[in-house]
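Okay, everyone, thanks for coming. I'd like to talk through some side-chain packing today, so let me put the structure up.

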Amino acid sequence: MIFSHALMSFAMVFMALRFIFSDKSLIKSYTKDVLIAVFSFFALICLGMIWSDWSNEAWKQLEKSLPFLIVPLYLLNLPLQSRKNLSIYAFVYLASLFVATSIGIFNFISLENPDVRTIMPFCSHIRFALHLTLASSFIVYYCFEHKKYLLLLLAFWFEAYMLITAAMTGIIISFIILFFVLPTYFLITKKRKKAFAIFLSAFIVALFAVFSCISYYYKDYFVPKNGEVKEDMMIENGNYIFEAIDYSQMQEGVEKYLKEDKNAVCKSREGEFSYIDIAIRYLNSKGYEKNLKGWQRLSQEDLENIKNGIPNYVYAQKIPLKARFYSTFYEIEAFKKENKVKGSSLIQKFELWENSLAVIKDNLLIGVGTGNAPRELKKQLQSIDSPLADTNMRTHNQYFSIVFSYGILGFLVWIGFLLYPMFKLSLNKNSYYIIFLAIMLISFLSEDTLDNQAGIMMYCCWNFFFLSHSKK
């Protein structure tokens, strides 16, 4: 799940063959209602093919969803594992995450202007952050439950990796789990007032640190350095971007210092922009004049940053969390002042959610069918001439994605798939399962986790592992 998509596919083949040639007595021991719930979502995906257009996308979605069939067949039919084996599995999982994060940190340190989304190249950075959040939450609970606190260092390492790489999804979910879910559990269920006090103290310190950090960055970004507020102009790093620009000298600077044509276009992480536009923002971010004097003040490193399409010097600093805040501030500012949507991860999600709801309203009962969601969302975006009309983006919300594809009726089936086995097999009393499920449910708010191979495998392997051991 962490190092290779190919190995995940190989594992699926192994699981399928293992089930076919094994004794089926264990899986038959489950009650019919539990088995119906377990396989209901895969059945829904197959049923959704009936009102889909049977396109390649539909078949791809069906293929990606095979873990919802194969993984439970395999895991629910396995004999109960010994405590020793479970300890080995836990060690291997944590060790693999440690190795992966070590590779990521090495790449972060050694590469020039690294993209934190790809420094650990084997897995999606969002799914990887979910693994780290899950592992660190399990470790924290285990340490406080068994009073073995040395292992907390590993949890701190995983959390530090997410902070260093600005993995906001993982950071936010970790914050909720570690400072809300776990403290509440220790106080209500375990009556552990001491543990609750420790969590509460850590929460206060973390909250103070977060607000101090955000406040400092916000002031540095939005408060004008010259003290003059201009509501109609875009600001970045305390300077107004389009103020006092000598375009003829900026063009001359592109040709003289970058050795590029004045009309040349460069691909940056935020989209395609002319070198002049990138240079204007870069000079502005440093508070330099937007003319030849400003060009003369740039170092060779600054010039390389501009050539590489980096529009703000903060983005080139190895402080990804600061860069993430500043890029988000720019996204908000560009949307407010120029109605810019494309290239902004935050604003794009709001655009996708709004248009997903528009399609859902027209297909409320049974949705648009398996695999049709991307096409129907694209049609909707084209109909309103959205800046995202030429993309193939999905809903970026698992709840919307389910209703989009299978309607309200399908959503009810999906809720049964998620929750019925938990209550039937008393998994709601299993602390580790509650942590796992909470992480998944929160991630569904901003990601379509169950619409890609890595997310599906992560959910299926953990979910049906817990189910198999609850029965036995």
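Let's start in helix α21, where Trp462 and Phe465 sit three residues apart, so about one helical turn separates them. Helices here are DSSP runs of H or I, at least four residues, numbered from the N terminus. Before I go on: this is a predicted model, where local features need pLDDT of at least 70 and side-chain atom pairs count only at pLDDT 80 or more, while totals for chains, interfaces and linings use all residues. Residues are numbered from 1 along each chain as its sequence is written, and side-chain values use heavy atoms, with hydrogens and water left out.

Are they buried or exposed? Trp462 is buried, at 15% relative accessible area, whereas Phe465 is partly exposed, at 22%. The cut-offs are under 20% for buried, over 50% for exposed, and partly exposed in between, with a 1.4 Å probe and protein chains only.

Now, aromatic pairs. Rings of Phe, Tyr and Trp (the six-membered ring for Trp) pair if their centres lie within 6.5 Å; planes under 30 degrees apart are stacked, over 60 edge-to-face, and the rest tilted. By that rule we get 41 aromatic pairs. One of them is tilted: Trp414 with Phe444, at 5.7 Å centre to centre and 45 degrees between the planes. That pair links distant parts of the chain, with Trp414 in helix α19 (398–424) and Phe444 in the loop between α20 (431–443) and α21 (453–471), 30 residues apart. Both are buried: Trp414 has 0% relative accessibility, and Phe444 has 1%. Our opening pair, Trp462 and Phe465, is edge-to-face, at 6.3 Å and 85 degrees.

Trp462 also turns up next to Phe436. Which residues does Phe436 touch, neighbours within four places in sequence aside? Leu134, Phe138, Met458, Tyr459, Trp462, Asn463 and Phe466 are in contact with Phe436, contact being heavy atoms within 4.5 Å.

On to the cores, meaning sets of buried Ala, Val, Leu, Ile, Met, Phe, Trp, Tyr and Cys joined through side-chain atoms within 4.5 Å. The largest has 94 residues, and Phe436 is among those with the most contacts inside it, along with Phe41, Phe68, Phe128, Ile177 and Tyr459. Helix α7 (125–146) gives the most to this core, twelve residues. Apart from it lies another core of 33 residues, including Tyr221, Ile276, Leu298 and Ala334.

Last item, charges over rings: NZ of Lys or CZ of Arg within 6 Å of the ring centre and within 35 degrees of the ring normal. Lys286 lies over the face of Tyr313, 5.3 Å from the ring centre, and Lys318 lies over Phe108 at 5.7 Å.

Note on methods: Helix = DSSP H or I, 4+ residues; strand = E, 2+ residues; numbered from the N terminus.
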